[in-house]
Amino acid sequence: MPETLPETPWWKASRHADRRPVLLARNRIQTAIRGWLGERDFLEVDPVALQISPGNETHLHGFRTDAIGNDGLAHPMYLHTSPEFAMKKLLAAGERRIFAFAHVWRNRERGALHSPEFTMLEWYRVGEDYTVLMEDCHAMVMLAAQAAGVTRFRFRGIECDPFARFERLSVAEAFDRHAGIDLLATCQGAETDADALRAQCRARGIAVKDDDTWSLMLSKILVEKVEPHLGHGRPTLLDRYPAAEAALARPAPDDDRVAERFELYACGVELANGFGELTDAAEQRRRFELEMDEKESLYGERYPIDGDFLAALADMPPASGIALGFDRLVMLATSAPRIDDVLWTPVAEV
């Protein structure tokens, strides 16, 4: 068999000439979104990346380093996986509408849709319901299409109309429709019944292990059975996540089994994660500790909890916030097959 020729490095002039139209489209999309946010009185902020904690979600993995203090000792620090903690401190300080195009870092992630370093567009609205963020997402998607000069998003043969009215369905509806799973029957408030979900999975032919946690099974069903069907033809808003998967979102006022959390999908690709923000520091600490307990069980490590962040929640007003994977948005708008294709300087392979 003939040997596979090595790929031309991105920094070769011939390769860059091929990539350049997509990179220029990226700049146009970023400029359009910046302008749209500026017209609506959003202030652009620049949160620092070096933090006490990279974030406290089980399956997010940070990059650790050591800061050498004036005492000559090494103090562990992390590159953030999201600018969320820093930006919420700014809300506590008095800002009301803010956004950031922030470089973020996530370890153990590399693939067509994942880069260890990527750009996250994150924005917050004080005193506004999280459903307003859904309208923001519609505007962002249309802006991206217009700036790229396209009428369709494409990824791996799937198309999506960025100008179409969004589909909106709850996680429970999506699980019932695409997997035949009654998810809320396994929830009581934020408490979950792993055995009940396991029984449903096996009845539907979904392979799960005896020791899989409820969270792991939910993730498996979502990735294998639900996500591939989302955002076909038009973008999908997957709303009202179970309270056990609320992350930093507050509970829904009408049902304690679900939370004010949604994700945006287009062409089967997750683009954004939005919350009605939790401001209860005690509840947030409880969630962080549970997440870190599970992380330690699965991966043998845990991250510190940022005490200043929890203290800031006491001063933070009611708000909604969202993080959007900017590189993925550019991918769909330019039909790029890999995230590296839309990065000006891709991270070296290791």
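**From a buried glutamate to the cores**

Glu 227 counts as buried because its relative accessibility is 16%. Buried means under 20% relative accessible area, exposed over 50%, and partly exposed in between, with a 1.4 Å probe and protein chains only. This is a predicted model, in which local features need pLDDT of at least 70 and side-chain atom pairs count only at pLDDT 80 or more, while totals for chains, interfaces and linings use all residues. Residues are numbered from 1 along each chain as its sequence is written, and side-chain values use heavy atoms, with hydrogens and water left out.

Glu 227 sits in the loop between α6 (214-226) and β12 (236-239). Helices (H or I, at least four residues) and strands (E, at least two) are DSSP runs, numbered from the N terminus. Leaving aside neighbours within four places in sequence, Glu 227 is in contact with Leu 222, Tyr 265 and Gly 268. Contact means heavy atoms within 4.5 Å. The side chains of Glu 227 and Tyr 265 also make a polar contact of 2.6 Å. Such a contact is a pair of N or O atoms within 3.5 Å; within protein, one must be able to donate a hydrogen and the other to accept it, and residues adjacent in sequence count only if both atoms are side-chain atoms. Phe 175 is 52 residues from Glu 227 in sequence, with 9.9 Å between their C-alpha atoms.

Now take helix α6. Its buried residues are Trp 214, Ser 215, Met 217, Leu 218, Ile 221, Leu 222 and Val 226. Viewed down the axis of α6, they fall within an arc of 160°, so they line one face of the helix. The arc is that of the directions from the helix axis to the C-beta atoms.

Next comes the sheet. It is open and has 8 strands, in the order β1-β5-β6-β17-β16-β15-β12-β9, with mixed pairing. β1 (43-44) and β9 (167-170) are the edge strands; each has a single partner, so one side of each lacks a neighbour in the sheet. Two strands pair if DSSP finds at least two bridges between them. β1 pairs with β5 (residues 97-105) in the parallel sense over 2 bridges. Glu 44 stands opposite Phe 99 in β5.

Helix α3 lies across β6 (117-126), β9, β12, β15 (261-266), β16 (269-276) and β17 (319-325). It runs at about 135° to β6. Axes are lines fitted to C-alpha atoms, for helices over the stretch in contact, and angles run from 0 to 180 degrees between N-to-C directions. Glu 135 belongs to α3. That residue counts as exposed because its relative accessibility is 56%.

Ser 320 is in strand β17. It counts as buried, because its relative accessibility is 0%. A polar atom of the Ser 320 side chain lies 3.2 Å from the backbone oxygen of Glu 128.

Finally, the cores. The largest nonpolar core has 51 residues. Those with the most contacts inside it are Ile 29, Ile 33, Leu 121, Trp 123, Phe 153 and Leu 329. Helix α3 (residues 131-148) supplies the largest share, 11 residues. A second, separate core of 25 residues includes Leu 169, Leu 184, Cys 187 and Val 258. A nonpolar core is a set of buried Ala, Val, Leu, Ile, Met, Phe, Trp, Tyr and Cys residues joined through side-chain atoms within 4.5 Å.
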